[in-house]
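Here is a friendly set of notes to read with the model open beside you. Take the points one at a time and find each residue as you go.

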Amino acid sequence: MSSRGPYRRHSPQFRLQLCQDICSGAIGRRDAARHHNLSTNLLQLWLTQYDRGELSTEEAEASIVANYEARIAALERKGGQLTMELDLAKKTPRLRLVSDNESSSIITGPKPVPSEGCAK
């Protein structure tokens with residue numbers, strides 16, 4: 001069983017240009033499919049959309065604008081999240097460092113007196 005390649009998205013400009021080239025006779029369907037590694041069914045779908053007028057320069061430009069708007073929105077969300085994390089970090093109390101006059105020992109209380117050896 002052969003594995004499928006990674007999912008690819010083709011830009012509206014690429015689809016429009018390829019359909020225009022095929023319709024003008026600059027390149028054949030088989031050559032276009034082979035050269036760009038496309039399935040013939042996908043190419044036929046694009047050509048049908050092109051014939052219906054669904055692939056146009058306005059749609060391509062609108063797709064680019066929508067893509068940029070989605071990226072901007074994602075960046076704004078990320079910026080808001082980072083701002084909230086920074087504010088939280090500023091408000092979190094810091095651990096107090098041990099001052100010079102305080103003992104840094106974990107054991108508290110009187111220090112044990114070392115015992116002299118056992119006498120028999």
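## Notes on a predicted model

1. C23 counts as partly exposed, because its relative accessibility is 45%. Please keep in mind as you read that this is a predicted model.

2. **The two cysteines.** To count as a disulfide here, the two sulfur atoms must lie within 2.5 Å. By this rule, the count is zero disulfides. C19 is in no disulfide, with the sulfur of C23 as its nearest cysteine sulfur at 6.4 Å. C19 itself counts as buried, because its relative accessibility is 0%.

3. **The chain as a whole.** Now zoom out. The chain has four helices and zero strands, so its elements, read from the N terminus, run α-α-α-α. Of its 120 residues, 12% count as buried. The accessible surface comes to about 10900 Å², and carbon and sulfur atoms make up 55% of that surface. Among the contacts with a separation of 6 or more, 58% are between residues 24 or more positions apart.

4. **Helix α1.** This helix covers residues 12–24, which makes 13 residues. From first C-alpha to last it reaches 18 Å, close to the 18 Å expected at 1.5 Å a residue. Its buried residues are P12, R15, L16, L18, C19 and I22. Seen down the helix axis, these buried residues fall within an arc of 165°, so they line one face of α1. After the helix comes G25, with a positive phi near 90°.

5. **Helix α3.** Residues 40–52 form α3, and its 13 residues should span 18 Å at 1.5 Å a residue; the end C-alpha atoms are 18 Å apart, which agrees. Which residues of α3 are buried? They are L43, W46, L47 and Q49. Looking down the axis, you will find the buried residues of α3 within an arc of 160°, so they line one face of the helix. T40, N41, D51 and R52 are exposed on the other side of α3. The cover over the buried residues of α3 includes α1 and α2 (29–35). Following α3 is G53, whose phi is positive, near 90°.

6. **An aromatic pair.** How many aromatic pairs does a search of the whole structure find? The search finds one. A pair of aromatic rings is described by the distance of the centres and the angle of the planes. For F14 and W46, the centres are 6.1 Å apart and the planes are at 85°, an edge-to-face pair. F14 lies in helix α1 and W46 in helix α3, so this pair ties together parts that are 32 residues apart in sequence. F14 counts as partly exposed, because its relative accessibility is 25%. W46 is buried, because its relative accessible area is 4%.

7. **R15 and Q49.** R15 lies in helix α1, while Q49 lies in helix α3. Are they buried or exposed? R15 is buried, with a relative accessible area of 18%, and Q49 counts as buried at 18% relative accessibility. The cut-off that decides this is under 20% relative accessible area. Leaving aside neighbours within four places in sequence, R15 is in contact with H10, W46, Q49 and L55. With its own neighbours within four places left out, Q49 is in contact with R15, E54 and L55.

8. **A look at α4.** Helix α4 runs over residues 57–91, and I64 is found there. I64 is partly exposed, because its relative accessible area is 33%. Where does S11 lie relative to I64 in sequence and in space? The two residues are 53 residues apart in sequence and 8.6 Å apart in space, C-alpha to C-alpha.

Terms used: Residues are numbered from 1 along each chain as its sequence is written. This is a predicted model: local features need pLDDT of at least 70, side-chain atom pairs count only at pLDDT 80 or more; totals for chains, interfaces and linings use all residues. Side-chain values use heavy atoms; hydrogens and water are left out. Buried means under 20% relative accessible area, exposed over 50%, partly exposed in between (1.4 Å probe, protein chains only). Helices (H or I, at least four residues) and strands (E, at least two) are DSSP runs, numbered from the N terminus. Contact means heavy atoms within 4.5 Å. Accessible areas come from the Shrake-Rupley method with a 1.4 Å probe; for residues, only the protein chains shown count as cover. The expected span of a helix is 1.5 Å times one less than its number of residues. The arc is that of the directions from the helix axis to the C-beta atoms. Rings of Phe, Tyr and Trp (its six-membered ring) pair if their centres lie within 6.5 Å; planes under 30 degrees apart count as stacked, over 60 as edge-to-face and the rest as tilted.
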